[in-house]
Amino acid sequence: MQFKLSALVAAALATSAIAAPNGGSGSSCSTGPIQCCDSVQPASSAAASKLLGLLGVVVQDLNVLIGITCTPIDVIGVGGNSCSAQTVCCENNSFKGVVAIGCTPINVNL
């Protein structure tokens, strides 16, 4: 099972798009909602590698950025949405906010 999940994660990382600024008041994220993460660290960091290990996720590139404790934010309906931590666009957000893989920091004007 771990091999299948690892292969799926590797395939998802290899085929995912990267965030691109839209030139407006914020940024867009073509891979899903922009995330607000408490911490963004390389996969090789102690905290990221421990969480990835607990989830059984293997990443090929230990320099890829991992978002830790992330929640999606909606820049269109700004309302009560804010992020006092790091806003990122991540390639793989399928771990229920525990981690997000392949993150790129972005500026969002909320």
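## A polar contact to start with

A polar contact here is a pair of N or O atoms within 3.5 Å; within protein, one must be able to donate a hydrogen and the other to accept it, and residues adjacent in sequence count only if both atoms are side-chain atoms. With that in hand, look at Asn 92 and Ser 94, whose side chains make such a contact at 2.5 Å.

Before going further, please note that this is a predicted model, in which local features need pLDDT of at least 70 and side-chain atom pairs count only at pLDDT 80 or more, while totals for chains, interfaces and linings use all residues. Residues are numbered from 1 along each chain as its sequence is written, and side-chain values use heavy atoms, with hydrogens and water left out.

## The overall layout

The protein has 2 helices and 6 strands, taken as DSSP runs numbered from the N terminus (helices H or I, at least four residues; strands E, at least two). Along the sequence they come in the order α-β-β-β-α-β-β-β.

Of its 110 residues, 36% are buried, where buried means under 20% relative accessible area, exposed over 50%, and partly exposed in between (1.4 Å probe, protein chains only). The accessible surface comes to about 6100 Å², with 58% of it belonging to carbon and sulfur atoms; these areas come from the Shrake-Rupley method with a 1.4 Å probe, and for residues only the protein chains shown count as cover. Among contacts with a separation of 6 or more, 67% are between residues 24 or more positions apart, a contact being heavy atoms within 4.5 Å.

## Four disulfides

How many disulfides does the structure hold? There are 4, each a pair of cysteine sulfur atoms within 2.5 Å. Numbering the bonded cysteines in sequence order gives the pairing 1-6, 2-5, 3-4, 7-8.

Let us visit three of these links. Cys 29 and Cys 89 are joined with their sulfur atoms 2.0 Å apart. This pair links distant parts of the chain, 60 residues apart: Cys 29 sits in the loop between strand S2 (27–28) and strand S3 (34–42), and Cys 89 in strand S5 (residues 86–92). The link is right-handed, with 80° about the S-S bond, and both cysteines are buried.

## Two more links

Cys 37 and Cys 70 are also bonded, S to S 2.0 Å. Here strand S3 supplies Cys 37 and strand S4 (residues 65–73) supplies Cys 70, distant parts of the chain 33 residues apart. This disulfide is right-handed too, with 105° about the S-S bond, and Cys 37 and Cys 70 are both buried.

Next come Cys 90 and Cys 103, with sulfur atoms 2.1 Å apart. They connect strand S5 to strand S6 (residues 99–105), distant parts of the chain 13 residues apart.

## Along strand S5

Which strand holds Thr 87? Thr 87 lies in strand S5, and its relative accessible area of 10% makes it buried. Its side chain reaches the backbone oxygen of Ile 106 at 2.6 Å. The C-alpha atoms of Thr 87 and Gln 35 are separated by 5.6 Å, although these residues are 52 apart along the chain.

Is Asn 92 buried or exposed? Its relative accessibility is 7%, so Asn 92 counts as buried.
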